[in-house]
Amino acid sequence: AISCRCIQYMFWENNRFMDWLTKFSHMIVLSALWVICSLPVITIGPATIALYYAAAKTIRCGIGYPTAEFFRCMKENFRQGVLVSIGNLFAFLFCYGIYQFAMSLGLTNSFGKLYYILFWLVGAAVIFTDYYLISVISRFQLSFRSAVQMAVYFSVRNLKTEIPMLFTLVGAIVVIYIFSPSLFFLPAAYAFLMTFSTEKALGGYIREHMKNSGLETMWFMEL
């Protein structure tokens with residue numbers, strides 16, 4: 001009986017090790033695909049949406065193949081993803097303009113301080129919205145405007161879980177800056193971590209507001 005338990009434990013440990021090894025290999029593949037597909041810059045949006053979707057489905061849920069799921073999602077959401085890229089570019093330019101104007105006035109100037117605060121508020125709003133916008137577009141067939149509205153809704157309701165993840169993102173960026181090869185692992189690893197907060201919010205919304213839509217039987221409701 002003891003030997004049987006030992007054998008079962010060994011098989012369990014081996015399966016667990018192989019499962020995490022598979023997840024690790026998927027993270028490398030997806031991160032590499034994200035880096036390559038983001039090179040044209042305008043495709044960062046579609047690539048990031050595809051990265052999140054493939055990480056949730058293949059790494060978290062263990063369904064499908066990373067390359068196939070990545071490109072399928074990127075193709076289906078390419079237009080919306082490009083709009084995300086363009087929207088973020090304009091937001092960046094807007095924030096940069098506010099920052100430069102604040103610096104030209106000087107932080108000792110009351111208007112300079114006001115514009116400096118505005119810079120941080122607008123920047124934070126864009127980042128918080130982006131966090132959920134990626135997952136919303138990957139999940140629902142919505143117009144871009146409706147997707148942004150839903151992302152804002154989720155961001156406001158889930159700040160407690162969103163803020164720690166954004167600090168984690170900053171940490172990941174610092175690691176990539178110090179050790180550049182981690183760029184071919186950390187993007188998918190971060191997307192995998194994202195699913196633990198975003199999928200809980202999305203799943204709760206579907207159960208509460210989208211009953212009998214058919215979505216409640218989909219694979220992502222198990223996350």
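# Salt bridges, helices and a core

Colleague: Which residues are linked in a network of salt bridges?

Modeller: Lys-57, Glu-69, Arg-72 and Glu-76 are linked that way. A salt bridge here means a side-chain nitrogen of Lys or Arg within 4 Å of a carboxyl oxygen of Asp or Glu. Keep in mind that this is a predicted model, in which local features need pLDDT of at least 70 and side-chain atom pairs count only at pLDDT 80 or more, while totals for chains, interfaces and linings use all residues. Residues are numbered from 1 along each chain as its sequence is written, and side-chain values use heavy atoms, leaving out hydrogens and water.

Colleague: Thanks! How many salt bridges turn up in the whole structure?

Modeller: The search finds four. Side chains of opposite charge can pair when their charged atoms come close.

Colleague: What does Arg-72 do with Glu-69?

Modeller: Their side chains meet in a salt bridge, at 3.1 Å from N to O. Arg-72 and Glu-69 are three residues apart in helix α3, so about one helical turn separates them. Helices (H or I, at least four residues) and strands (E, at least two) are DSSP runs, numbered from the N terminus.

Colleague: And which residue does Glu-76 pair with?

Modeller: Glu-76 forms a salt bridge with Arg-72, and their closest N and O atoms are 3.1 Å apart. Both lie in α3, four residues apart, which is about one turn of the helix.

Colleague: Is Glu-69 buried or exposed?

Modeller: Glu-69 is buried, with a relative accessible area of 9%. Buried means under 20%, exposed over 50% and partly exposed in between, using a 1.4 Å probe and protein chains only. Arg-72 is partly exposed at 35%, and Glu-76 is partly exposed at 49%.

Colleague: What about Glu-199, which side chain does it meet?

Modeller: Glu-199 meets Arg-139 in a salt bridge, 2.7 Å from N to O. Glu-199 is in helix α8 and Arg-139 is in helix α5, so the pair ties together parts that are 60 residues apart in sequence. Both residues are buried.

Colleague: Let's zoom out. How many helices and strands are there?

Modeller: The protein chain has eight helices and zero strands. Its C-alpha atoms fill a box of roughly 80 × 45 × 35 Å along the principal axes. Of its 223 residues, 39% count as buried.

Colleague: At what angle do α2 and α5 pack?

Modeller: They pack at about 75°, with their axes 9 Å apart. The axes are lines fitted to C-alpha atoms, for helices over the stretch in contact, and angles run from 0 to 180 degrees between N-to-C directions. That makes α2 roughly perpendicular to α5. Under 35 degrees counts as roughly parallel, over 145 as roughly antiparallel, 65 to 115 as roughly perpendicular, and the rest as oblique.

Colleague: Which residues make that contact?

Modeller: Thr-48, Ile-49, Tyr-52 and Tyr-53 come from α2, and Ile-134, Ser-135, Ile-137 and Ser-138 come from α5. Contact means heavy atoms within 4.5 Å.

Colleague: And how far apart are the axes of α2 and α8?

Modeller: They are 8 Å apart, and the helices pack at about 80°. α2 and α8 are therefore roughly perpendicular to each other. Among the residues that meet there are Leu-51 and Ile-59 in α2, and Ala-188 and Phe-192 in α8.

Colleague: Ile-59, you say. Leaving aside its neighbours within four places in sequence, which residues is it in contact with?

Modeller: Ile-59 is in contact with Lys-23, His-26, Met-27, Leu-30, Ala-54, Ala-188 and Phe-192.

Colleague: How many residues has the largest nonpolar core?

Modeller: It has 44, and Ile-59 is one of those with the most contacts inside it, a group including Leu-30, Phe-70 and Tyr-131. The elements giving two or more residues to this core are α1, α2, α3, α5, α6, α7 and α8. A nonpolar core is a set of buried Ala, Val, Leu, Ile, Met, Phe, Trp, Tyr and Cys residues joined through side-chain atoms within 4.5 Å.

Colleague: Now Glu-162. Where is it?

Modeller: Glu-162 sits in helix α7, residues 159-178. It is buried yet has no salt bridge, and the nearest side chain of opposite charge, Arg-157, is 11 Å away. For charge, Lys and Arg count as positive and Asp and Glu as negative, while His and the chain ends are not counted. Not counting residues up to four places away in sequence, Glu-162 touches Phe-128, Tyr-131, Tyr-132 and Ser-155.

Colleague: Last one: what is phi of Val-41 near?

Modeller: Phi of Val-41 is near 70°, a positive value in a residue other than glycine. Most residues other than glycine have a negative phi. Val-41 is in the loop between α1 and α2, and it counts as exposed at 54% relative accessibility.
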